[in-house]
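Trainee: I would like to learn how to read a structure one feature at a time. Please give me the idea first and then the case at hand.

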Amino acid sequence: MDTIEFLIENPNVFLILIALLSLMVGSFLNVLIYRLPLMIQNTWNQECREYLGLKRQAKTNDKLNLWLPLSHCIECKKRLKPWHTIPVISYLILGGKCAYCYAKISVRYPLVELLCCITSVYVAWRFGISWQTLAALFFTWILISLTFIDLDHQLLPDQLTFLLLWLGLIASMYSLFSNCHDAIIGAIAGYLVFALTQGLFKLATGKIGMGQGDYKFLAALGAYLGWQQLPVIVLLASFIGTIFGLTHMIIKRQHKSIPLPFGPYLAIAGWISLIWGKDISHLYFYHFVI
Ligand SMILES: [Zn+2]
């Protein structure tokens, strides 16, 4: 308890610790974002081969998991030394290149680490030393992972959306962001809102506008934040999506609608809703509705 008391008396130390922790978590999220889709594809591949009665394929990434093989350069495959994997700093010292083969390292790696650090420190500052901070940190980290996996693969893995859903329901047992009642309705309503919208859209146009991953993601957000936040999340995500979509069309000079992942917009809207959702819905109901 002494440590907690010390951190309560020295909030800046608490924030510095969170910054360091979240930089390391950001580094792990880079691994997760890169490897989880490969692991899923590998499983699908093997399941399809089994179903078709084909021999198991010995693939190079057959034994890939989140921990093994240890961090290595994607180009030259050489294993990285611990000082090559210090979040952000290693990238800057190495000039964004592999220490062995000088292959360019994507700037996204340090950017994900920085994003993780900034959002985590903000969450810790907003909620202080509390269980809410712990739940909000897991929420933030899962949202960052979902955003980048969806951007890369147009995929929102069940492993992450369900994890978010279960954590949201557990958090609701302790009324961290909503109570059990609101969280369960949030999960059901979140799923149904998108599933029904998609059903009507398909009836009207014959096209698929949204994947099932989006339904599960909104269900998880509803479970974490309660059903009351769903209108804010859907409206914000649609608004942000429209702005990004239009900007994309103007920059790329494309006039046809191209499929864009919706997950990143849901993630941004979900995070804004976690921090300011209650203020936004109060503002809306008291100033515009009443
Ligand atoms: Zn290399």
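Mentor: Start with one residue and its surroundings, bearing in mind that this model is predicted. Apart from neighbours within four places in sequence, F177 is in contact with A135, A171, Y224, L225 and G226.

Trainee: Where is F177 found?

Mentor: F177 sits in the loop between helix 6 and helix 7.

Trainee: Is F177 buried or exposed?

Mentor: Burial is read by counting C-beta neighbours, with 20 or more within 10 Å as the cut-off. F177 has 25 inside 10 Å, so it counts as buried.

Trainee: Y224 was among the contacts of F177. Which residues touch the most other members of the largest nonpolar core?

Mentor: Y224 and L266 do, in a core of 59 residues. The elements that each supply two or more residues to this core are helix 2, helix 4, helix 5, helix 6, helix 7, helix 8, helix 9 and helix 10. Helix 5 contributes the most, with 11 residues. At least three core residues come from each of domain 1 and domain 2.

Trainee: Which residues does L266 touch?

Mentor: Setting aside residues up to four places away in sequence, L266 touches D214, F217, L218, L221, I233 and A237.

Trainee: Next, helices. How do I check the length of helix 4?

Mentor: Compare the expected span with the distance between the end C-alpha atoms. Helix 4 has 20 residues, which should span 28 Å at 1.5 Å a residue, and its ends are 28 Å apart, so the two agree. Just after helix 4, G128 has a positive phi of about 70°.

Trainee: Which residues of helix 4 are buried, and what covers them?

Mentor: The buried residues are Y109, P110, V112, E113, C116, C117, T119, S120, V123 and A124. Their cover includes helix 2, helix 3 and helix 5.

Trainee: How many residues of helix 8 are buried?

Mentor: Helix 8 is mostly covered, with 13 of its 14 residues buried. Its first and last C-alpha atoms are 20 Å apart, close to the 20 Å expected at 1.5 Å a residue. G226, one of the contacts of F177, comes just after helix 8 and takes a positive phi of about 90°.

Trainee: What does the chain look like as a whole?

Mentor: Count the elements, then look at the overall dimensions. The chain has 10 helices and zero strands. Its radius of gyration is 21 Å, close to the 19 Å from the globule rule for 290 residues, so the chain is as compact as a globular protein of that length. The C-alpha trace spans about 65 × 60 × 40 Å along its principal axes. Buried residues make up 32% of the chain. Of the contacts between residues at least 6 apart in sequence, 71% join residues at least 24 apart.

Trainee: Which domains does the assignment give?

Mentor: The domain assignment gives domain 1 (1-110) and domain 2 (130-290). Their C-alpha centres are 25 Å apart. Seven residues from domain 1 and 10 residues from domain 2 take part in the contact.

Trainee: What classes of residue does domain 1 present to domain 2?

Mentor: The side of domain 1 that touches domain 2 has seven nonpolar residues, no polar residues and no charged residues.

Key: Residues are numbered from 1 along each chain as its sequence is written. This is a predicted model: local features need pLDDT of at least 70, side-chain atom pairs count only at pLDDT 80 or more; totals for chains, interfaces and linings use all residues. A nonpolar core is a set of buried Ala, Val, Leu, Ile, Met, Phe, Trp, Tyr and Cys residues joined through C-beta atoms within 7 Å. A residue is buried if 20 or more other C-beta atoms lie within 10 Å of its own, exposed if 12 or fewer, and partly exposed in between; C-beta atoms are placed from the backbone. Helices (H or I, at least four residues) and strands (E, at least two) are DSSP runs, numbered from the N terminus. Domain bounds come from an automatic or database domain assignment. Two residues are in contact if their C-beta atoms, placed from the backbone, lie within 7 Å. The expected span of a helix is 1.5 Å times one less than its number of residues. The radius of gyration is taken over C-alpha atoms; the globule rule is 2.2 Å times the number of residues to the power 0.38. Ala, Val, Leu, Ile, Met, Phe, Trp, Tyr, Cys and Pro count as nonpolar, Asp, Glu, Lys and Arg as charged, and the others, Gly among them, as polar.
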